[in-house]
Amino acid sequence: MWYHKPVINKDLLQSLPNLKIVASSGVGIDHLDLKLLSSYGVKVSNTPFVVSTDTADLGMALMLASSRRLVEGYQIAVSPNTQYFPADWLGAEVSGATLGIVGMGTIGYKVAERAKAFEMKILYHNRKQRNKEEESAVGAIYCKKIDDLLQQSDFVLLSVNLTPQTHKLIGKRELELMKPTATLINISRGLVIDQDALVEALQNKVIKAAALDVTYPEPLPRDHPLLKLKNVIITPHIGSATKKTRRLMMENMIESIKMGLTGHPIPNEVL
């Protein structure tokens, strides 16, 4: 499966009685009905580890681009109407700021490693607390309650799997807990955020900005209000989009298929 295609449903499974494995690209498996697949004896694999480095890089890129207003700056620099650069056109500091990471899995931890180099104070919220050695290595502080992280962070970065528990995890209440100077960054799945609540928060300056690699749907309708806001950066779901990583993803999928067809243990099997 690539870009969630083909759609795996009951009709397809019934038409493929010899199907043994579905190899899905990327990390997320929210597009798959695992119980349905299991009922047909079909195994599932994904490619979680090869995408983590590039996705963490993009998270940092979005944070920097949003805080330093790179898109707006580019537009000023190339505009035919620009006669001078305004001296009061300012961004926000990243170095020394507080970053709150929601979801400290492989990707979230790699973001923390990068943020440490920017001398950021790192908070994180996760289902399970990391061990002390891992926390110490990046200087991360565990927040058992997400509310504590939201209230303290200058940047909130979402790096969670989409599950029933994380569906619209960030809604009106959570956005109102954030600082009015804070930026929300999403490199996970669009449905982790209540998008209507986000539009309202950005329009009313409840938070300062958002930087999103994911939305729902993808792409957004061309008249969607998020596309009209200057305090929003949106990229086309490119977290893993480098030549090397996309090739490694395909190689991982092929290896899983080969193992699945020969009855061997499947690398990165989703259980």
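## Overall architecture

The protein chain contains 10 helices and 9 strands, where helices (H or I, at least four residues) and strands (E, at least two) are DSSP runs numbered from the N terminus. This is a predicted model, in which local features need pLDDT of at least 70, side-chain atom pairs count only at pLDDT 80 or more, and totals for chains, interfaces and linings use all residues. Residues are numbered from 1 along each chain as its sequence is written, and side-chain values use heavy atoms, with hydrogens and water left out.

The C-alpha trace spans about 65 × 50 × 35 Å along its principal axes. Of the 271 residues, 44% count as buried, that is, under 20% relative accessible area with a 1.4 Å probe, protein chains only (exposed is over 50%, partly exposed in between).

## Annotated domain

UniProt, in an unreviewed entry, lists residues 3-270 as "domain: D-isomer specific 2-hydroxyacid dehydrogenase catalytic"; such annotations may be inferred rather than shown by experiment. This span is 36% helix and 13% strand, and its end C-alpha atoms lie 18 Å apart.

## Aromatic pair

The count comes to 1 aromatic pair, taking rings of Phe, Tyr and Trp (its six-membered ring) with centres within 6.5 Å; planes under 30 degrees apart count as stacked, over 60 as edge-to-face and the rest as tilted. Tyr124 and Tyr142 form this tilted pair, at 5.2 Å centre to centre with 50° between the planes. Tyr124 lies in strand S4 (residues 121-125) and Tyr142 in strand S5 (residues 140-142), so the pair ties together parts that are 18 residues apart in sequence.

Tyr124 is buried, at 0% relative accessible area, whereas Tyr142 is partly exposed, at 22% relative accessibility.
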